[in-house]
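I opened the model today to look up a few helix contacts, charged pairs and loop residues. My notes follow in the order in which I looked.

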Amino acid sequence: MAGGVPIAAPALASGFLKGRALIFPLSLVISLFFLWGFSYGLLDVLNKHFQVVLDITKLQSTGLQVVYFGGGYLLFSPVAAEVMKRKGYKITILMGLSLYSLGAIMFWPTAHFSTYQNRIASFGGFCACTLVIACGLATLETAANSYAVVIGDPASASARLQFCQSWNGVASFIGPLIASKYFFSGKNQHSLTNVQFVYLAVACAGVAIAVLFLVTKLPEVSEEMLRGTTTTENLATDEFGNELGQGPLYKQYNMIFGFIAQFCYVGAQVTIASFFINYATENASFSSAEASNMLSYALITFTVGRFIATALATVFQADFLLMVYAVFAIALNAYVCAGSGKPAVAILIVIFFFEAPMYPTLFTLGTANLGRHTRRGAGILVMGVSGGAVFPPIQGAIADSAGTRISYVVPLVGFVYVLGYVVFHWIRHGRHIFRVKDVVSAAYHGGAVGGAVEEIHYDGDKAILLKKAVM
């Protein structure tokens with residue numbers, strides 16, 4: 001999906017892990033990112049498969065995305081966050097894996113008892129299974145993003161989290177590859193038998209990883225240490241010495257417009273992937289199996305695009321870079337709406353490259369300079385994932401009435417709003433092309449006698465680092 005959220009890195013109550021001691025627990029965390037990347041890759045191909053086997057419309061098939069992003073990520077993430085606060089990371093991760101495995105194993109009886117006569121009820125059952133899986137994945141994402149940060153050296157927290165997130169993209173293209181062979185080939189094109197076996201394997205993988213977490217002693221983060229980071233956050237000031245984020249949360253307009261941009265982007269991303277196979281089979285000469293392979297190549301392109309954008313972000317300003325990427329995404333999306341044949345499918349694949357850095361960049365821009373509202377603002381930006389539950393039904397309705405090609409105007413609208421937001425942000429924050437230090441932060445470094453407070457005062461045109469002695 002969309003990717004995780006980098007957060008502050010408080011030290012572990014018992015100290016952080018180093019060297020070889022970090023390898024095994026970090027590998028366990030990576031396995032969680034791999035699980036939800038794999039599940040998201042399967043989700044997009046199930047749309048087309050259910051349309052064929054259960055004889056449902058494109059609009060009806062988007063029920064999978066509605067329950068996945070709306071029911072799972074939007075509604076269950078706050079529950080997972082509360083469990084993590086009360087019970088810690090390990091219990092939260094085990095809860096997420098339990099829900100994930102339960103939802104996957106529920107695919108077996110649902111597929112086994114599915115017939116053409118009860119196809120609508122069967123699809124409702126599959127949506128229920130997907131909802132349980134999504135609740136598990138939302139729980140895992142809530143815990144894993146944070147845990148990837150806190151188990152190691154805080155100085156390398158961001159790089160460590162980005163490394164873990166990359167496996168999300170790697171796993172996402174494996175799902176369509178499996179589907180092209182087991183869902184869309186031969187007699188499997190009109191059967192749900194292999195869906196049973198694929199999700200049985202998914203459930204077994206979830207159980208195996210849960211056992212590993214159960215027998216592994218994982219370090220936890222003390223609540224006192226977590227509360228200690230809020231003082232640091234509240235020290236951030238602007239160029240006039242005023243505390244950042246003054247005023248109520250609802251007056252943080254950059255965050256509000258950033259949330260809308262995130263909502264539109266995730267909606268656009270999900271619709272582009274969800275109807276990819278329909279587009280390739282209706283608008284070109286690809287079979288469903290070939291189109292599934294093409295979707296896998298598109299997700300590989302997405303993964304490569306994320307790595308390249310990360311490198312470019314070290315040179316260019318984030319809002320400027322996203323502005324360029326959004327322009328390309330809009331132009332390519334417009335061609336997809338008007339073009340046809342294999343060239344149009346190739347252009348659709350290229351869009352995945354240009355949408356790759358949008359989620360993390362929009363999150364960074366939307367949560368900048370929030371001061372004491374930083375954590376709540378971060379939660380609001382994460383809720384932008386719910387766009388993935390709203391856009392697909394709209395595109396599905398248009399695809400049923402006017403065709404899949406025309407329906408791709410829906411993600412186009414999302415990209416246009418993203419462009420408007422980043423252009424406005426770029427103009428208001430100094431119109432920088434090359435990267436400057438634009439993160440406002442503050443940190444207290446204490447000692448036996450005294451310490452120092454580091455403050456970055458940023459006015460959109462410059463960043464000045466000041467150190468004030470505190471005795």
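This is a predicted model: local features need pLDDT of at least 70, side-chain atom pairs count only at pLDDT 80 or more; totals for chains, interfaces and linings use all residues.

Residues are numbered from 1 along each chain as its sequence is written, and side-chain values use heavy atoms, with hydrogens and water left out.

Helices here are DSSP runs (H or I, at least four residues), as are strands (E, at least two), numbered from the N terminus. I find that the axes of helix 3 (residues 63–87) and helix 18 (residues 387–402) come within 7 Å and cross at roughly 160°; the axes are lines fitted to C-alpha atoms, for helices over the stretch in contact, and angles run from 0 to 180 degrees between N-to-C directions. Helix 3 is therefore roughly antiparallel to helix 18, given that angles over 145 degrees count as roughly antiparallel, under 35 as roughly parallel, 65 to 115 as roughly perpendicular and the rest as oblique.

I listed the contact (heavy atoms within 4.5 Å): helix 3 supplies Q65, V66, F69 and G70, and helix 18 supplies G388, A389, P392 and P393. By class, this contact of helix 3 with helix 18 has 5 nonpolar, 3 polar and no charged residues, where Ala, Val, Leu, Ile, Met, Phe, Trp, Tyr, Cys and Pro count as nonpolar, Asp, Glu, Lys and Arg as charged, and the others, Gly among them, as polar.

**Helix 14 against helix 15**

I then turned to helix 14 and helix 15, whose axes come within 9 Å and cross at roughly 160°, so that these two helices are also roughly antiparallel to each other. Their crossing is left-handed. On the helix 14 side the contact includes Y325, F328 and L332, and on the helix 15 side it includes P343, I347 and F354.

S340 lies in the loop between helix 14 (318–338) and helix 15 (341–355). I looked up how far S340 is from Y279, and the C-alpha atoms are 9.3 Å apart in space although the two are 61 residues apart in sequence.

**The salt bridge**

How many salt bridges does the rule give? The count comes to 1, the rule being a side-chain nitrogen of Lys or Arg within 4 Å of a carboxyl oxygen of Asp or Glu. K58 forms a salt bridge with E282, and their closest N and O atoms are 3.1 Å apart. Since K58 lies in helix 2 (residues 58–61) and E282 in helix 12 (residues 276–283), the pair ties together parts that are 224 residues apart in sequence.

K58 counts as buried at 14% relative accessibility, whereas E282, at 42%, counts as partly exposed; buried means under 20% relative accessible area, exposed over 50%, and partly exposed in between (1.4 Å probe, protein chains only).

**Positive phi**

I checked D55, whose phi is near 55°, a positive value in a residue other than glycine. D55 lies in the loop between helix 1 (20–53) and helix 2.

Note on methods:
A crossing is left-handed if the near helix is turned anticlockwise from the far one by less than a right angle, and right-handed if clockwise.
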